[in-house]
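Dear colleague,

Please find below the structure that I am handing over to you. My notes on it follow directly after.

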Amino acid sequence: MFTRDRREIDGLMSDRGVLPLELFSQLYDPSYWSVYRWNGDLGIVRLLLLIQPAAAIAFLIGWRTRWANGILLVFCWSVQARNPLTNTGGDVLLRNLLAWCCLLPMSARWSLDARRRTLAGAGSMAGNRGVESLYSLATMGLILQLVVMYF
């Protein structure tokens, strides 16, 4: 299993794969930003690919949710920008949903951040006290993103 994963990482994300950074610069706009374009070395690519799931787990459990969401958005964008030939509509949707989540209070409920605030006596987030739901432009944007996807 690890051998296959190593070949996939090598083939899709590093300079030894199907789209080396030199060729990328010739085919695509060089301003197309990606963390993975800083260096195409396999060791650095593997290190960056360890940071991304760590941010995803932190976001999932609600630990430092704002930071985890931002890091996850940057790394998700970077993976998609490193090899645009492998992207699908689902990748674009994931990136957009992560961007909308940056504008929402994702740590307000059911997260380690909310638990930490409760234990510290801070209670709920400001503007969300005693309210079971939160309505904002970002909430509407997130819902509209899903609706537009299906039409």
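Of the 151 residues of the chain, 32% count as buried, where buried means under 20% relative accessible area, exposed over 50% and partly exposed in between (1.4 Å probe, protein chains only). Please note that this is a predicted model, in which local features need pLDDT of at least 70 and side-chain atom pairs count only at pLDDT 80 or more, while totals for chains, interfaces and linings use all residues. Residues are numbered from 1 along each chain as its sequence is written, and side-chain values use heavy atoms, with hydrogens and water left out.

The chain holds seven helices and zero strands; helices (H or I, at least four residues) and strands (E, at least two) are DSSP runs, numbered from the N terminus. Among the contacts (heavy atoms within 4.5 Å) with a separation of 6 or more, 61% come from residues 24 or more positions apart.

I turn next to the packing of H3 and H4. Their axes come within 8 Å and cross at roughly 140 degrees. These axes are lines fitted to C-alpha atoms, for helices over the stretch in contact, with angles running from 0 to 180 degrees between N-to-C directions. H3 and H4 are therefore oblique to each other, given that angles under 35 degrees count as roughly parallel, over 145 as roughly antiparallel, 65 to 115 as roughly perpendicular and the rest as oblique.

Rings of Phe, Tyr and Trp (its six-membered ring) pair if their centres lie within 6.5 Å; planes under 30 degrees apart count as stacked, over 60 as edge-to-face and the rest as tilted. Phe24 and Tyr28 form a tilted pair, because their ring centres are 5.0 Å apart and their planes stand at 35 degrees. Phe24 is buried at 0% relative accessibility, whereas Tyr28, at 25%, is partly exposed.

The pair of Tyr36 and Phe75 is edge-to-face, with ring centres 6.3 Å apart and planes at 85 degrees. This pair links distant parts of the chain, 39 residues apart: Tyr36 lies in the loop between helix H2 (21-27) and helix H3 (42-61), and Phe75 in helix H4 (residues 65-82). Tyr36 is buried at 0% relative accessibility, and Phe75 is buried at 9%.

With kind regards
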